[in-house]
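Student: I would like to learn how to read a few features from a model. Can we take them one at a time?

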Amino acid sequence: MSPRRWWTATAATLVLTTTALVAPGASAAAPTAPTTDVTLAPDETALVRVQLRDEAQFRQLLAEGADIANRPRLDDGRVLADLVLTGRQLAALTAQGVVARQVVQREGDAARRYAESLLAAPSRTGSRVQGDGRAPAVTAADTLQFLQAYWWTSNGRTFVQTQVATTATEDPDVEITVTWQTADGQTGSYPLVRFADAGEYQYHYALPQPLPARPVRVTASSSLGGAARPTNPTAWPNATPPALPEGYQKDFIDAYLTPTDIQARIRRLARQYDDLVDVIDLPHKTQGYRRTAAGYLGDPASAAIVVESVRFGDQKMNGVQVRTVDPGRRNRPLNATYRDRVLTVSLATDAAGATISTTDQVAAFVSARYPQQFSAFVENGSAGLPMPVAGPVRLDDGLKGTEVSKKPWTVQALRIGAHRDGSRIGVLAYSQEHAREWATPLVTLEFAERLLANAGTDPATRELLDTVDVFVIPMVNPDGANYSFHDANFQRKNLVNHCTGAQRDPANRDAFGVDVNRNYTVGSLFDGYTGASTNCLSGTYAGTGELSEAESRNVIALAQQHPNIRFAMNVHSYGGYFMWPPGAYRADGRVTLPRPSIDESKMFLDSARRIVGAIAADRGTVTWPSQTGPVADVLYSAAGNSADQLYYELGIFAWDFEVGNDRWNETTGQWEGVGFQPPFDEAHAESQEYAGGLVELLRVARDYARDQGEALALTRR
C-alpha cells in the first residue's frame, strides 16, 4: 500500500484546533497562548506533528507503512509523532482521535524556500499535581534509579532533562514525578512518562524542562512509593571547542543546492585547491534522473489498463502513443501493430461485430506481443471488464526537471588533506542518503570549504590537514534528490522502481524507490532485524536484497578502498540526534546487534560530548542527552543502516547526526519541529553549527591516532 494511500476520506478543507502546552507554573486548565488552527486541504501534503491516541496507534501506523519522520516523543502522557500526510489521511486519523499540533512544513513550501534561498544568496513543563490530587494508594514500594540527569543553558534559558528507571517494569500504570531545586531554593516538579520499545520497558522520561536557574538537586518518587537517591544534575555536554582565531573563514553556504549545484561546487573546489583536494569518482553509477514512460489507456474511473515502456522515457519512449480500436469487422482476433511510435491494439470482435476483449486480455496481449518495448497491467478495479475503445494516450515519464541530465550519475567524493596517501587516519563525512534532507549537503560542503579556505592562514586547520585524511560525499542519493527538488519534495528514497504488477500504477509514483539507509548488509531486514520493509511502496523499503542499490554500494566501496578510514559521520535530518551503533534489533525480545565494548562505548559517548559541545558553540543549539546514544535506543530500529555496516564489518567508529533540532518556543511553551526543508535561514544556521561539529570530529580522530599510536590507528581489520 502506498504511504499516500493508507486511508481514504472525503473531507473538505480540514480545520483542527491546537491546544498549547502549559508553561512552568501555569494551570493545566489554561493554555499559555491562544489556540491556533491547523488547515490542510484534502489533496495537500504536509509534514505534521500530531498527537496520537497511544503508542499502539503509532505501532499500527508503522506496520501500515506510514511516512514517519522520527521517533515519537512522549510529552506528559501524549504521544507526539511527525508524519508526512495528505489532508484526507489526516482527516481519517482525526476521526480516530488524532489531534494535529503543528504543520511543520507544507509540500508547496519547498519550491518557495529554494527560491528564497537563491534570492538571499552573496512539553509541557513545570509542576503539576498527580492524578486527582489525592495520595495514591501504595501497594508495594518499587526502586527508582536516575539513568540521566543533565542540565544546560541555551540562548539564555536553562533546561533540565532526566530519565528514571523503576523496578516495576511490568506495571504500565506506575507514575514517576521528578522534583527539582535550584541554588536559591526555588523548587518545582514535572511528571515523567513511561517509554517502552518493542514491548520492552526502557525507562520513564520527559522532554527537556525549562527552569528559572541551574538545578542543584533532583529527586524522583513513584506512585508505588519508591524514591530515587537525590542527584546533582551534571552539566551537558560540558565540552567546549577551541576558540576560532581572528580571521577564521566560514559561512560558505548561501542557498539550497541541487545535485547539479553540488556537482559544480565539487569541480570548483578541485580547481581552486588542487594541492589539497582529490575528486574520487565512486564506482557505481546510479540510475540517473530517469523513469519509464507510462499512461492510462481507458478511464481509470471505469475501465483501464496501464501501459508502460520497458526502456526509460528519455530513451525515445516519452511521447509514444497507445490506442485501442474497433476493427469494424466480425469475428476478428485480438491483434496489435507498433509502427511510427504508435501502438495500436485492435480489439477482438464476436459474430455480431461487437468488441469482446477484456482489460485482462489486452494487458496480457501487449506484454506478450512486445516484451522488449512494453509491459501492461490492469488498473485497480478494472479486472475482467470490457476493454473500451480508447486513446491515443501519450506515454510519459512524468519528470518535471527538464534541465536535469537524464544520464546515469557518477557520485563523487572529495578527498582533502596534505597527505592523501593512506598514511594518516581517515575520517568520512557523507550526507543526503535520504533525498528530502536538503540541509545535509550544506553541512558537509560548509565543512569542506572551511578546511580548504583556512588551510593557508590558520595553523590549527593546517595541523588537522597534516594529520587527518578527510573524505566527504556531499550527496549519496543524487537521483532521489533531483526528484525531491523538481517533482515531490517529500521523496525519501532513490528512483529505482522494483515494484511489480499493479504496484507500478503511476498513482504511486511518489512512493517508488529504495531507502538507501536500509539497504546495507549488517543487521538487515534480510537477517531478521526490524525497521525496514519488503513493501516496495514503503518509505523504508529495503530493496530486493542487501546492497542492491548503487548508492549504498558506493559508500561501502569508498570505505573498503581506503582502509585508513577509522571514523565516519552520516549526516541526516531532522530532529536533533547524535547516535552510534547498534542501530537495529530483532523485534522478538528486542535483541540488538552486539553492544560495543566498555572502552568503545566510552569512546562513543566522550566523543559525542565533544562534538555536541562544538555544535552548541555556534548558536546555542544543544542536542538533548535523551537523543544522544545508540540508534536503537534513542531513535528506533533501523535495519540495514550504513553506520552498522561500517562499524561491525569494517571496524569504523560510525556516528549519525540528525541536524535540525527542535526549537523552544517561549510563547507557547512548546518544542517545535523545523522539518526537512526549513526556511533557508534555519537551514543555513544548521550548516554552520554542524560543520563545526564535523571539524571537532577531526580533532577526535587526530587525538585517537596519537593516543593509540599510528600503526594501531591504521590497522582496523
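**Reading helices and strands**

Tutor: We can begin with helix 10 (residues 598–619), whose buried residues are Met603, Phe604, Ser607, Ala608, Arg609, Ile611, Val612, Gly613, Ala614, Ile615 and Ala616. Keep in mind that this is a predicted model.

Student: Which residue follows helix 10?

Tutor: Gly620 does, and its phi is positive, near 85°.

Student: Now a strand. Where do the side chains of a regular strand go?

Tutor: They alternate between the two faces of the sheet. In strand 23 (residues 412–416), Gln412, Leu414 and Ile416 point one way, while Ala413 and Arg415 point the other way.

Student: Are the residues of strand 23 buried or exposed?

Tutor: Five of its five residues are buried, and the strand is mostly covered. Residues pointing either way are buried.

Student: Which strands does strand 23 pair with?

Tutor: One partner is strand 15 (residues 277–281), joined in the antiparallel sense over five bridges. In that pairing Asp278 stands opposite Arg415. Strand 25 (residues 468–473) also pairs with strand 23 in the antiparallel sense, over three bridges. There, Ile416 stands opposite Val470.

Student: How is a pair of packed helices described?

Tutor: By the angle between their axes and the distance between the axes. Here the axes of helix 6 (residues 439–454) and helix 13 (residues 680–708) come within 8 Å and cross at roughly 50°. That angle makes helix 6 oblique to helix 13. The crossing is right-handed.

Student: Which residues of helix 6 and helix 13 meet?

Tutor: On helix 6 they include Leu442, Phe447 and Leu451, and on helix 13 they include Phe680, Tyr690 and Leu698.

Student: Last, a loop residue. Where is Asp254 found, and is it buried or partly exposed?

Tutor: Asp254 lies in the loop between strand 14 (234–235) and helix 4 (259–272). Its relative accessible area is 25%, so Asp254 is partly exposed; buried would mean under 20%.

Student: How far apart are Asp254 and His684 in sequence and in space?

Tutor: They are 430 residues apart in sequence and 7.3 Å apart in space, taken C-alpha to C-alpha.

Methods
Residues numbered from 1 in each chain as written. Predicted model: local features only at pLDDT ≥ 70, side-chain atom pairs only at ≥ 80, totals over all residues. Heavy atoms only, no water. Helix = DSSP H or I, 4+ residues; strand = E, 2+ residues; numbered from the N terminus. Buried < 20%, exposed > 50% of the residue type's maximum accessible area, 1.4 Å probe, protein only. Pairing = 2+ DSSP bridges. Axes fitted to C-alpha atoms, helices over the stretch in contact; angles between N-to-C directions. Parallel < 35°, antiparallel > 145°, perpendicular 65-115°, else oblique. Left-handed = near helix turned anticlockwise from the far one by under 90°. Contact = heavy atoms within 4.5 Å.
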